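Please read them with the structure open.

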Amino acid sequence: MKIKIKEKVDEGVWYRLGLLPELFVGLSVSTAKAYAKEMESMSEFSSGILKPGHSTTFVNYETFL
């Protein structure tokens, strides 16, 4: 399955969780949050999530893919 991306992104960059729906066509904020929560719980992907504060979450683009 090929994923459509709205614009060119820098794969080494960390994005705020709320920005992900602007990068991926059809991704809702609630689905992005669910994916991020699942990433946190899996040791293979947990390094792709940063939570510097209680309401701020950054997601590594490459890990998210």
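1. Leu27 has a relative accessibility of 15%, under the 20% cut-off, so Leu27 counts as buried. Leu27 sits in the loop between helix 1 (20-23) and helix 2. This is a predicted model. Leaving aside residues up to four places away in sequence, Leu27 touches Leu20, Pro21, Ala32, Tyr35 and Phe64.

2. Four aromatic pairs turn up in a search of the whole structure. One of them is Phe24 with Tyr61, a stacked pair with 5.7 Å centre to centre and 15° between the planes. Phe24 belongs to the loop between helix 1 and helix 2 and Tyr61 to helix 3 (residues 61-64), so this pair ties together parts that are 37 residues apart in sequence. Phe24 and Tyr61 are both buried.

3. Phe24 also pairs with Phe64: the ring centres are 5.4 Å apart and the planes are at 50°, so this pair is tilted. Because Phe64 lies in helix 3 and Phe24 in the loop between helix 1 and helix 2, the pair ties together parts that are 40 residues apart in sequence. The relative accessible area of Phe24 is 5%, and Phe64 counts as buried at 14% relative accessibility.

4. Ring pairs join Tyr15, Phe24, Tyr35, Tyr61 and Phe64 into a cluster.

5. Met39 is in helix 2 (residues 29-41) and counts as buried, at 6% relative accessibility. Met39 and Phe64 are 25 residues apart in sequence, with their C-alpha atoms 8.0 Å apart in space. Not counting residues up to four places away in sequence, Met39 touches Phe45, Ser46, Gly48, Ile49, Val59, Thr63 and Phe64.

Definitions and conventions:
Residues numbered from 1 in each chain as written. Predicted model: local features only at pLDDT ≥ 70, side-chain atom pairs only at ≥ 80, totals over all residues. Heavy atoms only, no water. Helix = DSSP H or I, 4+ residues; strand = E, 2+ residues; numbered from the N terminus. Buried < 20%, exposed > 50% of the residue type's maximum accessible area, 1.4 Å probe, protein only. Contact = heavy atoms within 4.5 Å. Phe/Tyr/Trp six-rings, centres within 6.5 Å; stacked < 30°, edge-to-face > 60°.
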